[in-house]
Every structure is written in structure tokens, then in C-alpha cells.
Amino acid sequence: MRNEQHPDVRELALLAGGDLPWWRKWQLTRHAKGCADCQAELGALKDVRREFARAASELPAGLDWQRLEFEMRANIRVGLAAGEAIRPREIAGRWDWRAGFAVAALATVVVTGWFLGRQNRVSTAPVASVQAGYAMAQSGSEGIEWKQRSGAVLTLMAPAARPVSYTVNTEGGLSARAVDEAGQITISHVQID
Amino acid sequence: MSKLIKFGWLLAAATLVAQDAGLDPARAVRIDLPKDAPLAFVGLDPGDSRTTNRGGATVLDLRATLTFRNATQQRIRGISLLITAQEVTPGGKGSVAAPSLDVAPGATFPVRVNMRLMKPMAVAGAPLVDVAVDGVLFDSLGFYGPDKLGSRRTLTVWEVEARRDRKHFAAILSSGGSEALRQEVVGILARNDARPRLDVQVSRNRVTVMEAAAPVTFAFMRVPDAPVELAEGVAMVSNAEVRSPKVELINRSGKGVKHVDMGWIVRDAEGRDYFAASLPADVNLGPGERATVRKDTALRLMRPASGAAIGIAGMTGFVQSVEYSDGQVWVPTRAALGQPTLRSALGPSPEEQRLLEIYRAKGLDALIAELKRFQ
């Protein structure tokens, strides 16, 4: 990999967290060794990760990170709309350090939300499950996971980073409901016979 | 180059080939649309979908958008897709439904299907997932589809609830203006945030050694105008779970009833009410007739995060929806849902959730515009 073909920052974040497949990990590590920019980025991501781990240890248990991320995004949207409404009109093209700061802050919040949401996806415990004989469906970190004795697993996935509500019925039905970014509500359902 | 290094390069190359030897995601999905369907299949956008081989398994990561065209002269209000994955079929059915649509005749609309299938290595070229239309609901509440999943009833209930909820919000807007609507929406959002939640595990047809359990009778909530009355009911309750509910129903309407969906609320020792589960029942009740519904089901109810069992101090049942023999449905009014127990324990309907999301994401003006779009 040549230095001018820098890896995506998301891949670097995965590398920092040790979550890349071994081949890709080897490729990126090799690239980073010869690329000062990526090395610096990787170092920063590792620092952030350590900082998150430290901060997370001080937070109360049971925090819903996915919901928190959603709240942050919604609040940012409302805040930006409000800010736009009261913003004095300026000459086009003029650079303002405040704009740069706002963009940087927004990017930090989004990356943080994504990062924390991703952590949450690994650790979320099932909140609903249905079982009949060997068949089982349960809420997972990404939607409804439907497991079979054969080893096959079908996951009906909910829109990423959106609040999902789960309901069950006594007939062995499990539903997941979420509104996607386009505003369409989708209801996934698994019925265990 | 030593033999060992050569072998390493060969191994790495082989691994790369194995990782990239996935099936074409678009070909891994088969769309089954009958010729008489009121929809035309326009296309499948695979988006970021991909298939990969990991060890001895094939992983289909499908992030697809299916586009359909309304081929009828009626507006479409909802669609339900039956999802069948090879080797996952035994033991159940899966579906993805999109209610609260408003698709004009001739218009196209997307349905997003996001799923991941992990299964033993697939045969090249064979589809991994079948997607079929199980039902389409129209503005007239007319229905098309094989209805293998009970989509007719489900889509109709969602649509009737949606009309009720839009009417409720529109009435507030009309009588009290935008500020009154905002207060109503903010109130609902606050209640939703404060609504206590439980982790629920449902086990069906389970033979188990039970810890000591005692019969607890249901208290039933009177829902005005409900065509079915819940007369009496009991379930076996222990500290950790509740099982084998039995409920007696009476058809108080002048029409035959073929399906009743009951809501099941449990109360803990601190007096907090939680919505535990729905209790659906296929019945065949003529006017004035009674029937007893028994479920061989156990519910384990736990507090989120801690996983501790809640001590069940009481149970309440209520009628969530009724399907008459002629296919029409009944749902409770907004006034009935305003009873304190229901108000605190019940979550929003799908349409209410959609409208609340519009408010959260885009603001009050967007919500008002959406309400007006349906008027």
C-alpha cells in the first residue's frame, strides 16, 4: 500500500480497537509504519480509546449508549436549526474560526457517538427473547437474532443508531420496531413455531 | 526465498481468495412476486451488501433497498414481506413490514431489508434468501396477499390505529393550535422516557421443574365500546416467572369475532406497572358466546441491566384489538388509552412513534405538515 492511499479513518479506528481481520490488520499496520500521518492518527485514536475506557469506568451501569447517541444527534439538529435562525448574515466565503470549531465539535460528537454506539453493540444484553424447543429468537445488538440448531443465524437488522423497541407475544412472536433516517417505520417480526 | 516464506505467501493468497469468493448479494436474494400482484418489482439496490466466506460459513450481509411500483388505482398504506432463509425456515417465520405508507397509484416506493444470514457454506449461485410479498393493504382497507403471517390483520390494525392517532393530533392542532400540539407531543415523549421497562423471556410448550407458584387472578381493565369482554383469568406466578395464563372471553358485539389480542400488564411490589406481552388468541365467537383461552407459555420477567427477577404483585389484562369474522378490526379509542395504568405502561403505536420521530428529528412544522398530508 502506498503512502498516498491512506486508509479510511474508520478502519484506523477498528485497527486501534483490535477489531480488524488479521490480513487487513497486517496491511494497515504495515502502512502506518511508513506513514507519519496515519501513525499519528492511530496514536490519537488509541489515546481516545484509553480515555473512553477510563471515562466509561466512572459512568453508572445500564446507560443506553445507542439512545444517548440518538439524543445527541437530535439535539445537535435542533441546536443547528436554532442557531441558523438567529445567525447574523455574513459575507460569503469569509473564514470564521467559530465555524471551524463548530465543525470540529460536531465531528467529535458524531465520532464519539459512533464509537460508543459501536461499543454498545458488542455488549448489549438481550431484552427480549422467545423460545420453543430448539428454535429461538432474541433481541441482539443489531436487531432480532434468529438461531437454529443447524448453526444458521438470521439477523433481521434494525436501522443503525436508532432506538429500537421490542415486544413479545405468548405465541412465540418477537417484534422490533424502529424509524429509519428517512422517517419510515419498519417492523421486523419473527414467529417461532 | 525459503520454502516457509513461499508457503506463507500461498496461504495468504488462498485466504484472500476465500474471503473474496462471496456470492453476488443481488443474486443471493430471490424476489418472489406473483403475476397478479398489485405491485411491480422495480429493482434491488444492494447498497453496501456483501457476502463473505468465513471459515466454513457463508455470511450474507444484506443492506438492500427493494423498490416497488404501485400498479393499482388505490393508495397503498402498508406492505408485509415474508423473509425465508434456506435452512432457517424450520421452526418459524420472519417478516419485515412497512406500515404508515402513502403510496399513490403508479408511484414507486422503497422497502429497506437489512439482514445478516450466517450459515454453513452456500452452494455457488443458489439464492440464500427468498423475499415474498405476504400482504399489501390499501387505503380502502382492502387487502392483497397470501397472508401466511396474518399480515391482513396486523396491517389493518396498524392502519386503523394510525388514523386514530393522526386524528387525535390533528384535533389538538385544530382546537389548541401548534403550541397545544407541541405540549401534547412533549408530554408523550416524557412519558415514554419515564415508562418502566422489563426484559422478557418467553418460553413455549416448556416442561420444567417449577419453583413454588401460586395462582394469581387477573384484574381486567374495562375498555369502553370493546366488543369483547375479558370476564375472568388466572396465571401461575412465582417470584421469577408467570406461566400458563387462562382467560375467559365474552363476545359482547353483534358480530362474529375470530381474533382477540389482549395486553398483559404486570405490577411489581413497588406498584410500578410494566407491559409484559401481548396475548393473541384465534377464536370463533358468535355474538354473546364465551370461550376460554389457555396458553402453555412461561414469561420470565427481569429488571434491565441487573437481570433480577421482579416480584409480581398483580396482573392486569385489557383488549388491545379485535378482528371480526368479516375482517374488520376494532381498536381502543385514545380516551380509553388515557386510563392511568395504560397511559403509564403502554408504548406508542407505530404511527405515533413515527410522528414523534418526525417531531424529534425535524421539528413541529414538519409534524404539522405530515398531519396535513394525510387530511
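This is a predicted model: local features need pLDDT of at least 70, side-chain atom pairs count only at pLDDT 80 or more; totals for chains, interfaces and linings use all residues.
Me: How many residues does chain B give to the contact with chain A?
Reply: Two residues count as touching if their C-beta atoms lie within 7 Å. The contact draws 46 residues from chain A. From chain B the number is 51.

Me: Which element supplies the largest share of the side of chain A that touches chain B?
Reply: Several elements of chain A each supply at least two residues there, among them α4 (65-86), β1 (128-132) and β7 (185-192). The largest share is eight residues, and the element that gives it is β7(A).

Me: How many residues on the side of chain A that touches chain B are nonpolar?
Reply: This side also holds 18 polar residues and five charged ones. The nonpolar residues number 23.

Me: Which residue of β10(B) is the bridge partner of Gln131(A)?
Reply: β1(A) pairs with strand β10 (residues 199-204) of chain B, in the parallel sense and over five bridges. Within β10(B), the partner of Gln131(A) is Ser203(B).

Me: How far apart are the C-alpha centres of domain 1 and domain 3 of chain B?
Reply: The domain assignment places domain 1 of chain B at 22-149 and domain 3 at 199-334. Domain 2 is given as 158-194 + 353-373. The distance between the C-alpha centres of domain 1 and domain 3 is 33 Å.

Me: What percentage of the residues in chain B is buried?
Reply: Chain B has seven helices and 19 strands. A residue is buried if 20 or more other C-beta atoms lie within 10 Å of its own. Of the 375 residues in chain B, the buried share is 39%.

Conventions
Residues are numbered from 1 along each chain as its sequence is written. Chains are lettered from A and ligands numbered from 1 in the order in which they are written. Helices (H or I, at least four residues) and strands (E, at least two) are DSSP runs, numbered from the N terminus. Ala, Val, Leu, Ile, Met, Phe, Trp, Tyr, Cys and Pro count as nonpolar, Asp, Glu, Lys and Arg as charged, and the others, Gly among them, as polar. Two strands pair if DSSP finds at least two bridges between them. Domain bounds come from an automatic or database domain assignment. A residue is buried if 20 or more other C-beta atoms lie within 10 Å of its own, exposed if 12 or fewer, and partly exposed in between; C-beta atoms are placed from the backbone.
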